[in-house]
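Dear colleague,

Please find below the structure for your review. My notes on its salt bridges follow.

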Amino acid sequence: MNKKPKAIIALVLTVLTVALLIWTCFYAGGKYVVFDPKGPVGQAQKELIILTTALSALIIVPVMILTFFIIWRYRDTPTNKVKYQPHWDDSKKLETTWWAIPIIVILIIAVITARYTYLLEPSKPLASTQKPVTIQVTSLDWKWLFMYPEEGIATVNQVHIPKGVPVRFELTADAPMNSFWIPQLGGQIYTMSGMAMKLHLQADHEGTYFGSGANFSGEHFGQMRFDVEVQSDEEYKNWVADIKKQSKPLTKDGYLALAKPGLSQPDEYSSIPDGLFKDIVNKYVVEGASNPHAGHGEATSTEGSSQSGTEDHAAMDMSHMNMSGHN
């Protein structure tokens with residue numbers, strides 16, 4: 001039986017599938033947030049993804065084309081008269097070509113990845129003339145608590161930040177480990193009990209952006225989502241003032257109730273207990289233990305808003321993140 005029609009059908013289906021994927025991703029109105037960055041960190045991460053993908057394609061695409069060509073050219077059919085010579089001496093030129101090209105591409109990818117890894121180190125502050133806004137993030141079952149120590153307010157499942165101003169996120173967990181992620185701004189860094197991680201991001205455009213927990217943490221982990229509202233500086237200040245006037249305070253008892261497993265609607269608090277973030281970080285530390293991890297996590301030198309976490313955690317930040325960081 002002539003296999004030519006089947007091969008042609010397979011080729012056409014492959015081309016149509018690739019075309020459909022490209023059209024869906026970039027022209028069909030789909031919202032692929034990683035490829036629509038709104039800040040310097042997200043933009044740098046997008047560049048890295050495109051560069052490494054394009055360089056990898058230099059090897060993958062020719063190999064795939066060559067594979068199809070060989071199968072087609074040397075197919076076993078009665079009408080195929082192509083000369084087949086399975087026994088031949090090795091070619092120095094061919095050997096050099098198919099070894100040299102991948103090695104060169106891998107070296108280029110290694111240099112680019114190393115550069116971006118340093119560039120996107122999450123604990124390094126962003127270069128800016130603006131004073132960073134500090135937001136202390138606590139992942140709970142199954143909600144997010146955001147505390148603004150400088151403003152003295154807190155929110156649940158919603159974040160407000162001013163446009164064009166660096167944001168210093170200090171992150172911990174009072175529940176199973178999770179992963180903090182705002183795709184259009186950058187990130188994805190783990191929140192872990194007993195540790196204060198650091199992540200610097202910035203939003204350069206006003207709007208509402210999607211935020212999520214990106215790590216399995218139990219029954220309702222899929223609903224650990226939050227909105228990030230990027231506002232002008234004036235709108236941000238008005239929002240803070242409104243919360244202080246209209247919202248209830250967050251007490252320690254209120255926090256204990258909030259920390260119980262369960263879902264929560266977005267909420268706002270006009271004040272927060274002094275040292276609450278430090279207490280959460282050190283919650284599982286056993287007094288007098290030679291090993292600070294004896295209780296559950298790691299002791300830190302967190303002091304209020306400015307001292308959460310230590311520089312010693314920077315290396316661990318990198319080992320527990322997916323290209324999260326900053327430009």
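Aspartate 267 and lysine 248 form a salt bridge, with their closest N and O atoms 3.0 Å apart; the term denotes a side-chain nitrogen of Lys or Arg within 4 Å of a carboxyl oxygen of Asp or Glu. This pair links distant parts of the chain, 19 residues apart: aspartate 267 belongs to strand 11 (residues 267-269), and lysine 248 to the loop between helix 4 (233-246) and helix 5 (252-258). Helices (H or I, at least four residues) and strands (E, at least two) are DSSP runs, numbered from the N terminus.

The model is predicted: local features need pLDDT of at least 70, side-chain atom pairs count only at pLDDT 80 or more, and totals for chains, interfaces and linings use all residues. Residues are numbered from 1 along each chain as its sequence is written, and side-chain values use heavy atoms, leaving out hydrogens and water.

Aspartate 267 is partly exposed at 24% relative accessible area, as is lysine 248 at 44%. Here buried means under 20% relative accessible area, exposed over 50%, and partly exposed in between (1.4 Å probe, protein chains only).

A salt bridge also joins the side chains of lysine 252 and aspartate 279, at 3.9 Å from N to O. Lysine 252 lies in helix 5 and aspartate 279 in helix 6 (residues 276-281), so the pair ties together parts 27 residues apart in sequence. Lysine 252 is partly exposed at 48%, and aspartate 279 is partly exposed at 39%.

Glutamate 170 and arginine 168 meet in a salt bridge at 2.7 Å, N to O, and both residues are buried. The count by this rule is six salt bridges.

With kind regards
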